[in-house]
Amino acid sequence: MALSGTLASISAGGTTIAAVGSASISFNTPAIDVTPIGSVVQSYIAGAIGATGQLDIFYDQTSTGHTTLDGYATARSFNTWVLTLTTLQTVTGSAMITSYEITAQAQGVTRASIGLQFDGTVTIA
């Protein structure tokens with residue numbers, strides 16, 4: 001299913017994340033090599049489907065959603081994430097934060113880049 005529309009909101013564990021610059025979710029299916037020993041051509045089967053995500057925000061330490069992410073970054077736990085587009089399409093799944101990088105510049109905007117690993121089914125509705 002193709003997603004169309006602009007980003008309306010993102011929530012994590014029921015908390016809305018403000019000031020989101022961009023978000024992406026990638027679905028991955030690894031190819032597993034099952035080539036018999038001695039074969040001159042390779043053979044593959046499809047592995048289990050997985051998903052990862054990336055979120056870039058304009059970081060504000062006074063934002064409730066951003067302080068929630070601060071806690072999730074060290075909690076090592078899965079939370080329900082919901083990405084909603086202006087067309088009301090949603091992507092929903094359980095994910096944990098696998099990377100969390102805050103970048104600040106002199107006299108500039110502070111940003112945070114968050115990496116996600118989804119567990120189980122990710123639904124697009």
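Two strands count as paired if DSSP finds at least two bridges between them, and the strands themselves are DSSP runs (E, at least two residues), numbered from the N terminus, as are helices (H or I, at least four residues). This is a predicted model, so local features need pLDDT of at least 70 and side-chain atom pairs count only at pLDDT 80 or more, while totals for chains, interfaces and linings use all residues. Residues are numbered from 1 along each chain as its sequence is written, and side-chain values use heavy atoms, with hydrogens and water left out.

Seven strands make up an open sheet in the order 2-1-7-8-9-6-3, with antiparallel pairing. Strand 2 (15-16) and strand 3 (20-28) sit at the edges with a single partner strand each, so one side of each has no neighbour in the sheet. In general, strands of a sheet pair through backbone hydrogen bonds, either parallel or antiparallel.

Strand 9 (residues 111-124) pairs with strand 8 (residues 90-103) in the antiparallel sense over eleven bridges. Along this pairing, Tyr 100 faces Ile 114 of strand 9, and Ile 102 stands opposite Ala 112 of strand 9. Strand 9 also pairs with strand 6, again antiparallel, over seven bridges; here Gly 53 has Leu 116 of strand 9 as its bridge partner.

Then there's helix 1 (residues 64-75), which lies across strand 1 (7-12), strand 2, strand 6 (50-58), strand 7 (79-85), strand 8 and strand 9. The helix runs at about 85° to strand 8, with axes fitted as lines to C-alpha atoms (for helices over the stretch in contact) and angles taken from 0 to 180 degrees between N-to-C directions.

Asn 79 belongs to strand 7 and is buried, with a relative accessible area of 15%. Buried means under 20%, exposed over 50% and partly exposed in between (1.4 Å probe, protein chains only). Setting aside neighbours within four places in sequence, Asn 79 is in contact with Gly 13, Tyr 72, Gly 93, Ser 94 and Ala 95, where contact means heavy atoms within 4.5 Å.

Gly 38 is another story: this residue is in the loop between strand 4 (31-33) and strand 5, and counts as exposed at 75% relative accessibility. Gly 38 and Asp 119 are 81 residues apart in sequence and 37 Å apart in space, C-alpha to C-alpha.

Finally, Ile 45 is found in strand 5 (residues 44-46) and is partly exposed, at 45% relative accessible area.
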